[in-house]
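Q: Hey, I'm new to this one. Can you walk me through how the chains touch each other?
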Amino acid sequence: MDRPLEFQKQSKNSIERERDPRNQPFSANTIAKHSRIHDATKVHSVCPYCAVGCSQLIYVKGGKIIDIEGNPDSPINEGTLCPKGANTFQLSVNPHRVKQVMYRAPYSDRWEPRDLEWAMERIAQLTKEAREEGFVEERDGNIINNMPNVVSLGGATMDNEENYLIKKLFNGGLGMVAIENQARI
Amino acid sequence: MPGLGTSFGRGAATTFQEDLQNSDCILIMGSNMAEAHPVGFRFVMKARENGAKIMHVDPHFSRTSAMCNEYVPIRTGTDIAFLGGIIHYILENDRWFKEYVLAYTNAATIINGDYTDAEELGGVFNGLQREERRYDQKVAAWNYAGEPKQPKNQTDQAIKAQSFSERLGHLENPVPPQDPTLQDPMCVFQILKRHYARYLAEKVAEICGCSQQQFLSVAESLCANSGRERTSAIVYAVGWTQHTTGVQIIRAAGIVQLLLGNMGRPGGGIMAMRGHASIQGSTDIPTLYDILPGYIPQPATMRDHGTLKDYLKQEEVSTGYWANLPKFMVSLLKAWYGEAAKKENDHGFGWVPRIDANYSQLPAFLRMAQGKVKGLFLFGQNPAAGAPNAKLNRKALMQLDWLVVRDWFEIESASFWYKGPEKPDPKAIKTEIFFLPAASNAEKDGSFTNTQRLLQWHDKAVDPPGDCRSDAWFVFQLGKRLKKLYAESQQKRDQGLLNLTWDYDHDRMQELPDGSLSKIIGEPDMEKILKEINGYTVKEGKHVAGFSELKDDGSTACGCWIYSGVFPEPGRNRARSRKRDAQNPTSPDWGFAWPHNRRMMYNRASADPEGKPWSERKKYMWWDEAAKRWTGVDTPDFEPDKPPSYRATNESRGMDAISGDAPFIMKPDGRAWLFAPMGTKDGPLPTHYEPMESPVPNLLYPEQASPLAEVFKDDLNQLAMAMDPEYPIVGTTYRLTEHYLSGPMSRFNSWLNELQPEMFVELSPELAQQRGITHGGWMVIWNKRAAIEARAMVTGRVQSLTVNGRTLHQIGIPFHWGFAGETVGSMANDLTSMVADPNVSMHEAKAFTCNVRAGRVGDADVADKFSAWPTRAKSPDTPESDQPEGQAI
Amino acid sequence: MAESPTTTYYDIPLLKRPLWRWEIAWYFFLEGISSGTYLLGVIAELLDRERNQELVQAARYASIAAILPCPPLLIADLGRPERFAHMLRVFKPSSPMNFGAWALTAYSGPVALLAGSQMAADKSRLLPSQVRSVLKHVPERLTGVAGVPAALAMMAYPGVLLSTTSIPVWSRTRVLGALFACSSFSAAAAVLSFVLHYRDADDRLLRKLRKVELLASGAEGVALAGYLLTSGGGAKPLISGRYAKHVFIGAVVGGILLPALIGGKGKRRGLFAAALTIAGSFALKWAVVHAGRDSADDAAGSHEAALPNESATGWKSKYRVSGT
Amino acid sequence: MSNVLEVFARPEPPPAKQEMGFFTDTSLCIGCKACEVACKQWNQLPADGLEWTGHSYDNTVMLSDTTWRHVAFVEQFDSKGAGRWLMMSDVCKHCRQAPCQEACPTGSIIYNEFGNVYVQQDICNGCGYCVAACPFGVLDRNEEDGRAHKCTLCYDRQKDDMEPACAKACPTDSILFGPISEMKQHAEKRVEQLHARGETDAYIYGAERAGEYSELNSIFLLKDKPQAYNLPEAPRRPAAHMKKSYAFSFGAAIFLGAMSALLLSGDE
């Protein structure tokens, strides 16, 4: 068992000499290295996945998101993220992402790209038609004022302000009652 | 969350995640926290490293179990038996926290003499109308002695009950008759004792399938770590809520925590771990059918809601904080209808639609499947794969005239018409579908409310690409178009829409953080919306500082009273405040927690009745006699200057009805409810029922399953009879760290897909051997609703249980797969059924019966092309040397 | 069962497969012949230029012919061929590959000059007359001697390069370098003997060369035995693996035993024996280079080769591991 | 042409800084794989396949040119269901005397100013020597770009005083980053703490020299044999015996040369 010691003596200095950066063949590119975000715009965000509420930092350069990571200042995640949170970048920058309005006509077997304006107008029209047809003002003396024939589902993954607009327009404005999301209990 | 609302007053997590590290003992039950909430779990790990005992009671040995000091396997759906056993243990061994229980709960309160407990009636309470699946309150007599049997604001079965009115109940006498000696046979304490007398350790073991020792060790650990000096916390998630008895499971946990004196104290409380970024927010500002923002009841035809006056008369709770309902309601109407909301027209109350039936998700989709719905708006939700009985949901989508899908990727709910297990024929499907690409959260401003009621703002980093738009943009623009379409209308029914205040346009082009101008036209100014939510004075348009400033005379407007105070003055968006306070562990300036930035609710209970901390170790809030006010590390969840000595009388109303030693200020008697005289439809005390589908008889009562559970009849929604020999295996679903829900936010992401690339099912070596299933091979899981296939993960982590003397097998089914995305697989939710909790219509996905065999069901769907790299584009404006190493030179 | 075997982790390899394939096997084979023939040529020249004329001439041509394909082979093997010159960016004796790169560079000069002057002497049409007239003046003995260290290095480093890795089949032994050197030398001797037999060279020279052949093959045999013995379990892929036949039938029987038996009795048998030796040497190098992949794939073997010994103690020793 | 020559230039290297490294404490690992994704996100590494292995929850299998963090899952349960589930996040060991660095013929692999082993992508020519040299099977050559890749210990981030992506993301601080001296002290304390708690199977891997093998600048707290996590129990340093090998092979060459000189000389 004395050989290890011997090894140590013999190699210690030579190792340290070798490890000294001055004896290492750095390339110009290596010496120039920096993190790509050191000069990027930092934006505060919140993880869109679960309800833990991890604070995130989005780094932007040239109008593009180049990195998303945890925010060290947050008392909740203190800079950490889970695999999904660490993956947030791939939600925005993703080849699978649909970037164009797609329309499927009744009984059609294909998607067709359509103009956003056109789609919005068509959806408004359909909503109005449905409302004209389904709206109930009153039933046996009771005020009802609702339209049960159009349903809205979603909200738990959206912003409070968006939920507010949905409830306000669909319920307070149009009289839709079947407005739901996962948030049961 | 009525389970919590009925017990304590508000339906939300009672504490905040960071506080878990102060616990001496944490019981994780009905939650796979390490996998579903890894970052929240860091505080559990901190507690563990501080020496706390961490226990996991769960049907499935997960990564959470691996981290705990103790893991107890139980049969899914037997939680009430287990918790009831703990309640029994606490009472039997006199381990309850006397001063706390006497002062802060309704233990001493006397119940109406006509009340008969499930103990006597074979598992049901008196007043059961079996065929109508409801309890007749007039007969039931759950109420306090001296109160009318039927409380004025308790609704008919048809309406789900998330509103505060419903949850809080109503008392004529805020100081009900009590027996401080707890001897009266009709006092809550005695009723509790009798009700749980039969929840003996051996019974618990028999029902749950764990050993007596395992059960006793959990019960003892909780008791040993509660009291003046120590506190225990309970963590749960949808493992509790997704049952036909979900609300009562949470009630049972509430009873345990109240008896042990853990509520409103550091390291204590009940931490509800919610699943989505803003699922709490979407309940507070509800995209739910039965409530208006701030848990105000949606007007309903089953109640006397003709005029605003009638409505308020019926829904107001005259004692406790909910006496302020008129201010909140009128302010909401002002926020919605602005100028048009006048005293003369009931502030437009008539325009608010009434509910005349159960419009919650399950019945709504059932009606859809029956062709009774024309259109559906889908915002970031995926019923075709993610909803209970997904198969029935896919059928429902095919019956629609039109469907608007707002998402990032072409999810199952957008491709159901040409893909999926049923191999649909597009030519036969009429549904007209609009896929409107959505903006990611990085591409819009807005606030999320996390699992601890904390509002946090996210700033818009960049414009969304192409046609992608925020949901706010979509609703805002749709509203503008509809207002235009109805502009000419004189009809009464359209006035609500026409009068709806709807001006959220940016005053000038929005500037992005990098200094460039946004190119999106018509994006609403989210802070204008937040201002409306926060509330403002109608005349000056001045932000209100908090809900205490709201009026019922129409002089204030407020979109959601519980959020009031989040935006107290221009330029001070507290959801956007990101200051961390090194001194204060509650970090009061990091985001904004409702109500009124209270991080821990009911924190008055962290001090004893005299207002002194229970112990130095567990000091949190206390009464400062000198300053004559409540003080501590948090905002008091109490009137800041109400002395502990203050006493209410039966004549007092509003907050005056809350005594100085009554910490649960939302409750009409200021006390937490061990026994719920009202607020839960299926009984005042949690009672063990088997899941709707169960291979085991109810070993405690003749009553097999919840008599009130909602059942939805449909050919595609058949249930197996109890103890059906065809389906001897118990199935439960759960989440994996690497994926999210049914996959829309994870199965289009190669970095996550590579970590869990295939649908699998976890089963025990014993069951695998019995059925000739080999590890890594294919297996089929089927029941009355569907047959699905998966790869077999045969692992020693899953073990058979001995229940009622018989060997019982449970299998674990991750629910992340579907037929769209980079990885595809069968949908666990094709197996789950549409049956629901009577209180909230939450479905029962966590317990169902099934059977398994080796093999496949046949042609699986094809995955979208695998995209190995999110982008190969180099970072803009970045020199070669600084490019990501994966792409360097 | 989703449980891992106790000795390995789901039998997943501990090591990564070496990337080297046929290019490197060929390179080691050819550069070995080149350096071997070069050395023999220089020795013969120093001993007696006149008498060993044929041998010297054959050696000079063989050494250049064998070395010419080498740079392309090396470059083809790189992941980034255009960056082959980076090899000479540093001088780094700790890296046998770097050492070899420099050796090859240093070697290329003398070998080219000697071959050139030989061509000049032979009035080869391949060279323009001016070049020939220049090359006439090459100081042959001096150049030859100058190239000897580089040639020795070329002969010595390939085996050392392989054994300075973590691949058990290469790295458990200290004699792989010697084995390759011997193999190269015998192959080189065989090449020369083949040429001289073919050109019906003077018998005396052939007999001498035959002795050299036997010596080298003998040495190769001894080194091979030493290699297999000192490699312990590491040699598994060569002893029982799919490359066992290369080693035993190819190298031992074909490359060493047969030539020893049949050689030295006439032209045809001489040619045949030489060819066998060359083939044997190639089989050996091919087998050893390719066995590296099988060795890396053997998870249990790799862990076994990394068990503690007195010079490599590992880290577990410091704490007692209880249970499992 | 200029940048072809550039690589031969020898610009002034940065001065040595404090040696930094990882301490991966498997007793705190919840197996969430945040380290894997955070690494891929920061370094923009591609996913490498969608194959389900059935090896517990490990579908990553091993470190590679495109996977620089890998979480291993070891299930140890008896027929009663009693047992444990070990999880461990593996990474490049950043050996203080690194076989890959010693082997690298181009000087592409260097010890940088933070004492980490770093592959300079503008230099590497894909010779593959480091792949065979690494006793931990860390390095591999990327078939797309023909170069060797491995964990850089987020050299680019360290340059701007940021911690590596994996350590930053780790929710339970199972992955710690800091001056290696502090990491070692911390590790020592942690082991004592665990032993005191009765977890006597805990020990540190790589903190000190192990005979011929150097210390690691990425150390681990393990709870089972190294083999259980697919780590070598006692790695060898390839170059440790290089001189000896050279001696033998030069010896053989010279011996054969000398002998053949004898045999060729004189008349028989």
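Q: What do the side chains of Lys444(B) and Glu162(A) meet in?
A: They meet in a salt bridge, at 3.0 Å from N to O. Salt bridge here means a side-chain nitrogen of Lys or Arg within 4 Å of a carboxyl oxygen of Asp or Glu.

Q: Before we go on, what am I looking at?
A: This is a predicted model, where local features need pLDDT of at least 70 and side-chain atom pairs count only at pLDDT 80 or more, while totals for chains, interfaces and linings use all residues. Residues are numbered from 1 along each chain as its sequence is written, chains are lettered from A and ligands numbered from 1 in the order in which they are written, and side-chain values use heavy atoms, with hydrogens and water left out.

Q: OK, how many salt bridges sit across the interface of chain A and chain B?
A: The rule finds 17 there. Over all chains, the structure holds 100.

Q: Which helix gives the largest share of chain A's side?
A: Helix α5 (residues 116-134) of chain A, with 17 residues.

Q: How much area do chains A and B bury between them?
A: About 13,800 Å², with 61% of it on carbon and sulfur atoms. Buried area is the accessible area (1.4 Å probe) that two parts lose on being put together, summed over both. In residues, 130 of chain A are in contact (heavy atoms within 4.5 Å) with 188 of chain B.

Q: Do strands get involved too, and in which sense do β8 of chain A and β10 of chain B pair, parallel or antiparallel?
A: Strand β8 (residues 150-153) of chain A pairs with strand β10 (residues 375-379) of chain B in the parallel sense, over 4 bridges. Strands count as paired if DSSP finds at least two bridges between them. Within β10(B), Leu378(B) is the bridge partner of Leu153(A).

Q: Switching topic: how many residues of chain B are in contact with chain D?
A: 52 residues of chain B, and they touch 50 residues of chain D. The two chains bury about 4,100 Å² between them, 59% of it on carbon and sulfur atoms. In chain B, Trp751(B), Glu754(B) and Glu885(B) lose the most area to chain D, together 19% of what that side buries.

Q: How many salt bridges are there between B and D?
A: The rule finds 5 across that interface. Glu738(B) and Lys33(D) meet in a salt bridge through their side chains, 2.9 Å from N to O.

Methods. Helices (H or I, at least four residues) and strands (E, at least two) are DSSP runs, numbered from the N terminus.
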